[in-house]
Amino acid sequence: MSEAAAHPAVHQHTAPTGFIRKYVFSVDHKVIGLQYYGLAIVAVVIGMALSWLMRLHLGWATLPIPGLEKLSPAGAPGNVMTPEYYLSLMTMHGTIMVFFVLTTAPFAGFGNYFLPIQVGAADMAFPRMNMMSFWVTFVAFLALMSAFFVPGGPPISGWTAYAPLSAVGQTSGPGEGWGQTMWAVSIAIFCVGQLLGSLNFIATTLDLRTRGMSLARLPLSTWAWFITSVIGLMAFAVLLPACILLILDRTAGTSFFLPSGLVFGDQMLPHSGGSPLLWQHLFWFFGHPEVYIAILPAIGIISHILPAFLRKPPLGPRVLVGCIASIGFLSYMVWGHHMFVSGMNPFSAILFSVPTLVITIPATIATLLWIGSVYGSRMQFTTAALFCLGFISVFTTGGLSGFFLAQPTIDTYLHATYFVVAHFHFVMAVAAIFGMFAGTYFWMPKMVGRMMNETLGKIHFWLTFVGVYCIFMPMHYIGLAGNVRRYAAFTDNFLVPLIPVHKFITIAALLTGAAQFLFLFNLIWTRFRGPKAADNPWGATSLEWSTTSPPPFDNFGGRQLVVHQEAYLYGVEGASADFIMQTSSETVEKP
Amino acid sequence: MSELELSAETGHAGLMEGSPYGIPSGKLAMWCFVLSDAVTFSALLFAYGYLRVGSPDWSTPFLFSPSIVNGLVMTFVLLSSGLTMLASVEAAKAGHTAAGTRWLWATCALGALFAVLHLLEWRRMIEEGWGLFRNPTGGSTEFGAAFFCVTGLHLLHVVGGVFALAIIALGFRRGKYNRIDVEVTGIYWHFVDLVWMFVFPLVYLMNAK
Amino acid sequence: MGKTFTIVLVAITVVSAAFFIFHGQLLWLPEDVSVHGPGIDHQLMETMVGTGILFLLGQLVLCVFVWQSSGRKEGWKPRTFPGGPKPMVISAILAVGLEILALSFVGSKVWAGMYMNTPDSQALHIDVQAGQFAFYFRYAGPDSKFGELHPEKINQADGNFFGLDPRNDVAARDDVVTATMAIPVDRPIQLTMHSQDVIHSFYVRELRIHQDIVPGLMIPLHFTANKTGRFEIACTQLCGLGHYEMRAFLEVMPQDKFDAWLKQQESQ
Amino acid sequence: MTAGESAQSPGMKFFVAVWIGLMCIVGIEVLVTYRHPAPRVLLAWLLVLAFVEAGIALWYFMHLKYERAALAWTMLPVLAFVIFMMDQFWPDAFRMVSMRLLQR
């Protein structure tokens, strides 16, 4: 205990007692992690509901959806969705999912909860800043949600908010009034929240590692969160000014993104001199790193979970860290591949295409390392393990379609078709969500101290795994047929014959979505009825398993851990158990 | 802010791994913030450059007097505030709380002076008819937009810094903050200074008549 | 459980691949009618084969390992992959690296052929105006000179979609403005595209052509169609509530038919 | 060396000298401007001078010199890299002028 007394972080602040300080404005990274996770769950339910409505409309454009009119009288007169309302839902779906689910859950959620524990710290480096980062993000979420209720309704310009559509205001269509402004405000606020979060992650990883936890011994998940926060530090810093300029264009009459001679309804706007391509450059300079902000934590999480169920060390963990880092590095060199047909200088296209293709090398190495880890193992097929395997599968599928879109020539045909939709949903959305599921089934015992229901979990996995393939695989085929995305209905002669495929996708989406309620039920059931979890139910090695479930306020009950081992010593020859905790001082000759 | 001094020690307490930089977390976080903010400003300056290169009718209205002269005075004030900031950090390191506080206030005052000079110039330009979307000389309206955005964001940083300095000065005297907090604030203040080193040539001199 | 996973994933893989291999006419690229198109199609097939192999390998190898893993008895001593991570790194760099080199070299040539060469001097020049939510096309007429554009003069009601000023501008008087785009077959075409309001996009599947039309800019594009027919021009850049129904038709016809068509348009 | 203590700093005299140096650079910038070189020449001059100035400020004012080399070796390359990548904006920007619909 005297040891602990000497440890400042432990005595940084004593456990709060009042409800507000304990659960609402808490500085405890675990509570904040759960808050982020909760926010993500709320956001994902909303986002999924929106996608249901969209899919229904794409399958049966004239189908009245009961109650929709109540939701938005203007958007769905007679319960039938108007084209602009479809676009609003699409925009909100994209924004909510990318910012408030894929960035929030695997990175801010699990990262906040487990990064300090995995490095053996009592809390983040700046608990108060940490609390601020959550509440700022929360305000950003409210700001975005408010877009549903402002006059004119939610924005219709997609999550990329391309100017001029997003910048000229109401004249360019419904939803481009207050809705779009709230969108820009929300994203600007979100950037600030992420900045605070990233600072915290970086400082914690570098400064609060307990004795013996050298960088080489950090778990892969911690590495992923650390590298992600470094990417976020720079990426959101570019989106912030972009959003400010957009807001000025919309409200103060500047023309950063608005060129001369814009004519709406035979009226020429006074704007002059701006460039719509500037917005695309600024947005994608952030936008591409953002894709990796979404996927890298998931990569880290499954790399961390897989060995625990393979009962053997991962293949080349150092190499894997190298892959994650180089993916992060390359992510800043490739944003132009979103702009191949945008009227950008054709020379740049080649310049952006090559590093984009090069990214596939570290990605392939990582995939091969996971597959190679499975070799020669005796795997325990828990739900978490299954989701890891599922991740490897969907990540491979989604990554490979990237080969097509990375090449400007092929992109000229496939750009803005459902092929693109399939690609990024597989490699970024579904993969990241699988990482989130794996993390949930693996860590929930630690987070709430109760085991999740494995049977429900497995059913959930099978439905989801088969479901996502049924939803997104066909999108490749219709994409090859040139099915344009972001269409509210398919009226072109070459699109009408493809509607049956859309009907199939819609049905698959509805079923897969329904399957997610098993997961939600499982979460709630676990929280209140789940069987009590042991401190280390999976026989895992990293530090989060050397404390109680759930961990006490200062994570280790005042103990100052000392780390003696590497992160993943499973199935060690001649060890007392088939695994060696990082904290155990047991010494055996390495296998 | 009190986390700063607490985790300040963690870097070296025997119970922890040493930080690879051997600096307190607060300082590291400030460096990271500076990095991020530098990217923000460069993005803004690149946007300004992009629009300028794309505009055939860019106007370069700044006369030597008053604009450039005023800019020089502002530069002088800001650089001097950097010097006083250094003095305060040095004093704080040497443990001279009173002197440190005094220098902090001096920095604060110079920062405020800079802000005032800046606002006066803004007023003059707005009276001349400049605005976010107005250009009295009839050239590209992007000039006003870029000018007020870039300098505006910088001014925001200055004002924020002035308040931060005041708070630190008060707290440092009462021992609420320690020398590390002063040093961290110093890094921020010098960064604001550093940004101006790009704003002055790129926004003022490049637009001198 | 592992065996089930293997079976399911094999099924998924096989079915997914089958749709690519035994694709019908519907779920595949339409026949190409442009001179540069074969280059793109070839590139796409190359990529399809390469990634297809990687897809099958990746998924099936995973399946094999999982299958083996699930069959093992209690007390099994885990084995590491022969050679550790090295073979993985090397094979990835070799397989993917070579693929990338090949693709980007060939691809860049095709790309340069489309975008980085100057259009034929004999090319037929067509001016394209995009606006919410329609395309309009302009032919220079007998004087083969286009009239100046004056956005402030744009008036949908009396059909001045381009903002021409025939009163003061001689060149503008004989400009032919149409809603369908007709072009002669086997003749180089040069488009100059501009948008009056937001970003639109010019996409013709059969021509393998795709180009955003950015307001405020004159976007050049050139191609040659080598088969006659009637094709759809779709807008692929989100441009507002009418985006999904913004389209026009492209008619590729023999030279003589085209001349007749143009005559008839002028007379109107 | 206790926490947060930078290595012994050279003292105020030296910093005053640096400050004078910085002012001189600003002076040079103005002089260059009023020799009215071509815009891109001027830009080159100003950028070089500004970077020198910023470098000095980082090195001495912000005490980068007195921290472990690791700090400079991680922070500066990252920033340089990101700014270098932003230069991919230029090929477009220069294209704008020639492609403009209206010369306004």
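The model is predicted: local features need pLDDT of at least 70 and side-chain atom pairs count only at pLDDT 80 or more, whereas totals for chains, interfaces and linings use all residues. Residues are numbered from 1 along each chain as its sequence is written, while chains are lettered from A and ligands numbered from 1 in the order in which they are written.

Five pairs of chains touch, and among these pairs chains A and C have the most contacts; two residues are in contact if their C-beta atoms, placed from the backbone, lie within 7 Å. In this pair, 90 residues of chain A meet 85 residues of chain C. The elements of chain A that give two or more residues to this side are α5 (83-102), β1 (263-264), α10 (276-310), α12 (346-374), α13 (383-405), α14 (408-414) and α16 (454-480). Helices (H or I, at least four residues) and strands (E, at least two) are DSSP runs, numbered from the N terminus. The largest share, 17 residues, comes from α12(A). By class, the side of chain A that touches chain C holds 55 nonpolar, 28 polar and seven charged residues. Here Ala, Val, Leu, Ile, Met, Phe, Trp, Tyr, Cys and Pro count as nonpolar, Asp, Glu, Lys and Arg as charged, and the others, Gly among them, as polar. Chains B and C, by contrast, do not touch, and their nearest C-alpha atoms are 11 Å apart.

One residue of chain A illustrates a contact with chain C. A:Thr397 lies in helix α13 of chain A and is in contact with A:Phe426 and C:Phe55, leaving aside its neighbours within four places in sequence. A:Phe426 is 29 residues away from A:Thr397 along the chain, and their C-alpha atoms are separated by 7.0 Å. A:Thr397 is buried, because 27 other C-beta atoms lie within 10 Å; the cut-off for buried is 20 or more such atoms, for exposed 12 or fewer, with partly exposed in between, and C-beta atoms are placed from the backbone.

Chain B meets chain A through helix α2(B), residues 25-54, which packs against α9(A), residues 220-251, at an angle of about 40 degrees with the axes 8 Å apart. Axes are lines fitted to C-alpha atoms, for helices over the stretch in contact, and angles run from 0 to 180 degrees between N-to-C directions. The two helices are therefore oblique to each other; angles under 35 degrees count as roughly parallel, over 145 as roughly antiparallel, 65 to 115 as roughly perpendicular and the rest as oblique. The residues of this contact include A:Leu233, A:Ala237 and A:Leu245 of α9(A) and B:Leu35, B:Val39 and B:Ala47 of α2(B). They divide into 13 nonpolar, two polar and one charged.

Helix α8(A), residues 178-207, also packs against α2(B), at an angle of about 135 degrees with the axes 9 Å apart, and this pair is therefore oblique as well. Among the residues in contact are A:Leu199 and A:Ile202 of α8(A) and B:Leu28 and B:Phe33 of α2(B). The classes here are nine nonpolar, two polar and one charged. B:Cys32 takes part in the contact with α9(A) and in that with α8(A).

Chain D consists of four helices and zero strands. Its radius of gyration, 19 Å, is well over the 13 Å that the globule rule gives for 104 residues, so chain D is more spread out than a compact globule. The radius is taken over C-alpha atoms, and the rule is 2.2 Å times the number of residues to the power 0.38. Along the principal axes, the C-alpha atoms of chain D fill a box of roughly 65 × 30 × 20 Å. Of its 104 residues, 26% count as buried.
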